[in-house]
Amino acid sequence: MSGNPSRWWQPALESSPGTALALERAAGQQQRFADIDALAARLLATGFAGRPIATIVTGRRRHTPDTGEVTALTREERAFCATVFDVREQQRRGAWYLPEKVSVKAGVVNLPFLLRERPAHALTLAADDTARLTAVEGWDTVLLWALLVPLFETLLEPVRLRAAGEIFPPTQQRRFWAVIEERYRLLGVGEGALEAFRFGGGWHELDRTGQQQARLDLLESLAAADLVQVVARHRIQRVQGLMAGFAKKAKAGTALARRVLTKELQPVVCAYFGGDWLAVLDYLQAPPHPDEEIITALPEPRLYVGVAAQAAGVAAEAGIAEDEVQAMLAAFLGGGSSMSPVQERAATLGHWWAGFDHAHAVQSRGMPSLWGLVDQDLMSVSRTEQGYTPQAYWQRLPSGVLDGVGRLWETVTLPQHPGSIVSNPRPHRTMAEALGPAVEFWHGVGLTAWFVCEGPYSRTTLDRVESYYSRALTALRAAGCPIEVAFFRELCAAEQLLGPEEEITDRQGSTVETPYGEMTITFGMSRGSRREGFERVRDLITRHRRAWAEQHLDAYVEHRWRSELEEVARDHHRFVAAKGRPPTLAQFARFATTAANHWTGGDLEALCTAIGEPAPSPQQRRARLLTEEGYDFAQRVYQELGGKPVDHDTWRNDPEETQRQWRLGRLAAESLRYLQLQEALGQPPTAKQFGAQRLTWPWPGEEAEGWPILQQVIGSLTVTGLPRPGAAPPPPRAAARGHGARQTLAKGANTAVATEPTTVRITCTGAPVDVSAVLLARNGRVRSDDDLVFYNHPCHDGVRVGGDTVTADLRLVPDDIASVAVIVSIDIEAQPAAVFDEHTQWQADITQASGVQLVFVPGPFSSDETVGIAVELYRHATGWKARAVGQGYDTGLAGLALDYGIDVET
């Protein structure tokens, strides 16, 4: 390559910018840059004259990116830039490496303006204009990122280096200033420009006013230079780097673009060649590599979801049995069913929505709020907000739905450790994220109505719902599933019909002895307000929610999975176009884990199948360390760390203890990530891998003292150890244990049981209890009041109640019954004031003749509950399972009866 005399640019590799420009001119190549150089020179002159170049608008919300606009352009220049720097145009020329998001120090292009207008604060204001710009939003971002910011940074580096102060030793400072002076010389800027700035030039002898004047003098010196030549010399220096990169990779003949274009050289091609690699080759007088492929457009995504519905037609056309086609589909999809994992989750979302809709539709005064029905809030174990019920879905959704969510979203992949599929501590949260803005809006509106009417306070009012949920509403419109405008008008009208505000007051009294006898002092504290009329607003919302679901829900769910999978497919195509090869597992995980966690249980191979691409490499499925609901495990960690929930008095009067408990609660929540890392790594994570330095440790020795304590607590509570190398994987969690084995169930855990007579015995200490059972259909409600089995109606459809025991012959339970809930309640006739608390606790023992022995002991209740759902026996596939529920009611049997559709009066 080095001996090829036809390459004019080879002598320019080691030449000065002036000589390189002369060689470029002689080769007839300089004219191609005339418009770019003229544009950059005019913007430099505009900036040095004291006018702003760009405007940065900061995103108002965490997920809203900043935007940047180059404002100092003429109409003709804007049209030119739209042609040269437009993202799609550059991609059409092959620049698929353009970043989707990029951090641009855009404030530097306005620094000359700020130095003149706000000299005392110019550098701070310029630094504030570092933007999280999304490159795909417009050509302004590419113009800033590729051309303008590098140019302004080079020329204004003396200002920025002096602003940093003496943070480097003198020898290093001398080297820095020697480089800057040489760069200025090569750019053709006069020697006097740096007189006050250079090392030893007396900068520190200047006062603030003198330093501000020195900066202005530098701008004047730069403005006086031949800016077209300055821009051209800066350009040729950057292009010389491109020449060197090409020469290094083109040892014989020519080089492939993907081998030459490093992250540093990609903006050079975007700035001066419009992202066109063929234009670069023409400039370098080099032919394309025989294997070079310039991709001008990406293939349209093709998804392999829903193919099971076509099995009958394919079988008939091929003349083979449909069962064989279904078996081939199951093998293709990598599972035991011909139904795509995406389809299976989409169907479960429909079932979940029905339960969600019913829970909101029957919500009535006196019941606990539905805040907690959707798992979308930050986990808090140290203090529960008033009106919030963690994991309310266990209480309000049908068992079949709960089982589906727990099974389909029980695993995820961590983006940083994609080699393993790990436990998901919050499957209901991942499910809610998959469902997206529809559940955010409809659940939010329902909660707003509840807290406006029932108190104690609401985050917004009914007439401001449209504004408060504007982000979700915008997303629903974009999905083609908008909310009718009439709904918001009706909400506003309904709010006007609510009763007047009634203050909610907590009253307490105390009696004291005085010389004149006993005196009772009563005092009250307001904790919010309520308004009559919830049922009217609830019914209005239910009517509109059901109309929306009837019209849009199926299409909306399809839009959710289709848009996420198509985006992954496009990112895959974009990667192949930029790199010339498929991504590795780690590279694929960077843009695919969110979709995989939503729609394939974190299985990247299944996701690849859905988008029709080969999987990079298989993932491991290590032993599960988390065998219970994540919230329950975090609660146990919190208690073992010494945590005690913060009550109202502590919150008001002891801020230090409140802060300490909050930090313990944060560590308890982070314990779930610890277990995920341990599963992914195959061993407990180190403090560095865990990111311990990010957390605050509430011990005198901080992290050094707290890290071993956290590790010890997590280790003591982890019921499953990691397997030895080469050991067989453990059986699935749902598999029934061997004959005679006694298994302890954690809250929320489930396990398979045989289809045979099953005995559930409740034992309680501290208070007498009644035991009953409820037979529930698939909608989570009774068929009739006869489905309540208790001491006055002790036998029904295979279920019998006697004393402290419920016996369910699962062989005799009718097919239209989906589950049998075993209920334990305080015998209020025997002990009217008793509640379930740390002194009054129960235990459930489940036994079968085949040898199954299960035991469930819930944690202490803390909200004056008098009724609890102990366990559920529920259908799963062709068999049955038992689940430890442990959900309490503080509204008594009446509240539970309303949930189950039992006529309380009867």
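Modeller: Let us start with Pro456, which is found in the loop between helix 21 and helix 22 (465-468). The model is a predicted one. The peptide bond that joins Gly455 and Pro456 is cis, with omega of about 5 degrees.

Biologist: Why is helix 17 called roughly parallel to helix 21?

Modeller: The axes of helix 17 (residues 341-361) and helix 21 (residues 437-454) cross at roughly 10 degrees and come within 11 Å. Angles under 35 degrees count as roughly parallel, and therefore helix 17 is roughly parallel to helix 21. The crossing in which helix 17 passes helix 21 is left-handed.

Biologist: Which residues make the contact of helix 17 and helix 21?

Modeller: Helix 17 contributes Trp352, Trp353, Phe356 and His360, while helix 21 contributes Ala438, Val439, Trp442, His443, Gly446 and Leu447. By class, the residues of this contact divide into 7 nonpolar, 3 polar and no charged.

Biologist: What makes helix 20 roughly perpendicular to helix 26?

Modeller: Helix 20 (residues 427-435) and helix 26 (residues 585-599) pack at an angle of about 110 degrees, and their axes are 9 Å apart. The range for roughly perpendicular is 65 to 115 degrees, so helix 20 is described as roughly perpendicular to helix 26. Thr430, Glu433 and Ala434 of helix 20 make the contact with Asn597, His598 and Trp599 of helix 26. That contact has 2 nonpolar, 3 polar and 1 charged residues.

Biologist: At what angle do helix 9 and helix 11 pack?

Modeller: The angle between helix 9 (residues 170-187) and helix 11 (residues 227-249) is about 115 degrees, and their axes lie 8 Å apart. In helix 9, Arg185, Leu186 and Leu187 meet Val230, Arg233, His234 and Gln237 in helix 11. The residues of this contact divide into 3 nonpolar, 2 polar and 2 charged. Arg185 and Arg233 belong to the contact, and both count as charged because Arg is listed in that class.

Biologist: How many cavities of 30 Å³ or more are there, and what volume has the largest cavity?

Modeller: The count comes to 7 cavities of 30 Å³ or more. The largest cavity has a volume of about 100 Å³. It is lined by 13 residues, of which Asp375, Tyr388, Gln391, Arg426 and Tyr631 are the closest to its centre. By class, the lining of the largest cavity has 7 nonpolar, 3 polar and 3 charged residues.

Biologist: Which elements give two or more residues to the lining of the second largest cavity?

Modeller: The second largest cavity holds about 80 Å³ of space. Its lining residues include His360, Gln363, Leu370, Gly446, Leu447, Ala449 and Trp450. The elements that give two or more residues to this lining are helix 21 and helix 25 (534-579).

Biologist: Which helix gives the most to the lining of the second largest cavity?

Modeller: Helix 25 gives the most, with 5 residues. Phe534, Arg538, Ile541, Thr542 and Arg545 are among the residues that line this cavity. By class, the lining of the second largest cavity has 6 nonpolar, 4 polar and 2 charged residues.

Note on methods
Residues numbered from 1 in each chain as written. Predicted model: local features only at pLDDT ≥ 70, side-chain atom pairs only at ≥ 80, totals over all residues. Heavy atoms only, no water. Axes fitted to C-alpha atoms, helices over the stretch in contact; angles between N-to-C directions. Helix = DSSP H or I, 4+ residues; strand = E, 2+ residues; numbered from the N terminus. Parallel < 35°, antiparallel > 145°, perpendicular 65-115°, else oblique. Left-handed = near helix turned anticlockwise from the far one by under 90°. Contact = heavy atoms within 4.5 Å. 1 Å grid on protein atoms, 1.4 Å probe; cavity = no way out; pocket = protein on both sides within 12 Å on 5 of 7 lines; lining within 4 Å. Points joined across faces, edges and corners; volume = space filled by probe spheres on them.
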